[in-house]
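I am keeping a notebook on one protein model. I look things up a piece at a time and write down what I find.

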Amino acid sequence: MTDTAERKMQFLFALRSKGVTDKRVLSAMERIDRGAFVRHYFLDRAYEDTPLPIACGQTISQPSVVGLMTQALKVQPRDTVLEVGTGSGYQAAILSQLARRVYTVDRHARLVREAQALFSELDMANITVFAADGSHGLPDQAPFDRILVTAAAEDPPGPLLAQLKIGGIMVLPVGQSDAVQHLIRVMRTENGFDYDELRPVRFVPLVEGLGRDG
Ligand code: SAH
């Protein structure tokens, strides 16, 4: 077996052993090369189940956490999905394999530019990237079937709850940035919102306003 094939097998094995069992999620993660989203000096660690630094002091999430969040979101092929926290673009690329349309937003213009370039290069035509404070959601594109937040807020932001369709699902980490956070799932019903707590996680904080990186 080649080195790459073996690394890929180990990558998928690690995902399964951490509880990523959904076949569509696994096959999306098999198709999307995480190496393309990792900065070159960390390339040899791209297939390890570990978060890695990206530009603007942010991180690309741990693959098993990406898998578990995507699985918890129960994305359907006709869904319109909002991701808050584009970062490297890796999570959005996975979502683009499962949904009809993906909107992703980051407060750092540089991350948005770099992710946009990658999506074009990889022909991922169903992803649109915005530079904005995603805690306000994207009112012009709302409502969404699914919302995934990849930075931690103390509480689910009100505008995001408001932009979720009835029957829609939002997955997000909540808690303070220096403490243990919890991944929660919010389901919007006719009468309000149902919450369930999934697992402890650790994410960079959701920060208000735009980044000053140009
Ligand atoms: N999903 C990313 C990892 C995200 S790291 C990936 O797959 O690589 C969290 C990201 O959230 C960072 O890029 C950070 O800039 C962004 N972020 C933090 N607060 C935000 C806000 N209010 N609006 C939009 N993006 C935000």
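My entries below go through a helix, some charged pairs, the ligand and a few single residues.

**Entry 1: helix 5**

I note at the start that this is a predicted model. I began with helix 5, residues 109–121. How far should its 13 residues span? At 1.5 Å a residue, I expect 18 Å. The end C-alpha atoms are 18 Å apart, so the model agrees with the expectation.

Next I asked which residues of helix 5 are buried. I found L111, V112, A115, L118 and F119. They sit on the same side of helix 5, because they cover an arc of only 130° around the axis. What do these buried residues pack against? I listed helix 4 (90–98), strand 4 (101–106) and strand 5 (127–131).

Then I checked the face turned away from the buried side of helix 5. R113 and E121 are there, and both are exposed. I also looked just past the end of helix 5. D123 has a positive phi there, about 60°.

**Entry 2: salt bridges**

Side chains of opposite charge can pair when their charged atoms come close. How many salt bridges does the whole structure hold? My search gave six. I wrote up three of them.

K18 pairs with D49, and their closest N and O atoms are 2.6 Å apart. K18 lies in the loop between helix 1 (3–17) and helix 2 (23–31), while D49 lies in the loop between helix 2 and strand 1 (52–53), so the pair ties together parts that are 31 residues apart in sequence. Is K18 buried, exposed or partly exposed? Its relative accessible area is 43%, so K18 is partly exposed.

E114 pairs with R110 at 3.0 Å between the closest N and O atoms. This took me back to helix 5, where both residues lie. E114 and R110 are four residues apart, about one turn of the helix. I checked the accessibility of each partner. E114 is at 39% relative accessibility, so it counts as partly exposed. R110 is partly exposed too, with a relative accessible area of 29%.

D196 forms a salt bridge with R185, with 3.5 Å between the closest N and O atoms. D196 is in strand 9 (residues 192–201) and R185 in strand 8 (residues 181–189), so the pair ties together parts that are eleven residues apart in sequence. D196 is at 25% relative accessibility and so counts as partly exposed.

**Entry 3: R185 again**

I stayed with R185, in strand 8. Is R185 buried or exposed? The cut-off for buried is under 20% relative accessible area. R185 is at 13%, so it counts as buried.

What does R185 touch, leaving out residues up to four places away in sequence? My list is A72, K74, I169, M170, V171, D194, Y195, D196 and L198. The list includes D196, the salt-bridge partner of R185. A polar atom of the R185 side chain lies 2.9 Å from the backbone oxygen of A72.

**Entry 4: the ligand**

I counted 27 residues around the ligand. Which come nearest? They are S88, D106, D133, G134 and V207.

The side chain of D106 has an N or O atom 2.6 Å from an oxygen atom of the ligand. The side chain of E83 has an N or O atom 2.9 Å from a nitrogen atom of the ligand. Q91 uses its backbone: an N or O atom there lies 3.0 Å from an oxygen atom of the ligand.

R24 is in helix 2. With a relative accessible area of 37%, R24 is partly exposed. Beyond its neighbours up to four places away in sequence, R24 touches V75, P77 and L98. The R24 side chain reaches the backbone oxygen of L98 at 3.2 Å. I also took a distance to Q71. R24 and Q71 are 47 residues apart in sequence, and their C-alpha atoms are 8.8 Å apart.

F42 is in the loop between helix 2 and strand 1. Again leaving out residues up to four places away, F42 touches L52 and P53.

Note on methods:
Residues numbered from 1 in each chain as written. Predicted model: local features only at pLDDT ≥ 70, side-chain atom pairs only at ≥ 80, totals over all residues. Heavy atoms only, no water. Helix = DSSP H or I, 4+ residues; strand = E, 2+ residues; numbered from the N terminus. Expected span 1.5 Å × (residues − 1). Buried < 20%, exposed > 50% of the residue type's maximum accessible area, 1.4 Å probe, protein only. Arc of directions from axis to C-beta. Contact = heavy atoms within 4.5 Å. Salt bridge = Lys/Arg side-chain N within 4 Å of Asp/Glu carboxyl O. Near = heavy atom within 4 Å. Polar contact = N/O pair within 3.5 Å; in protein donor to acceptor, adjacent residues only side chain to side chain.
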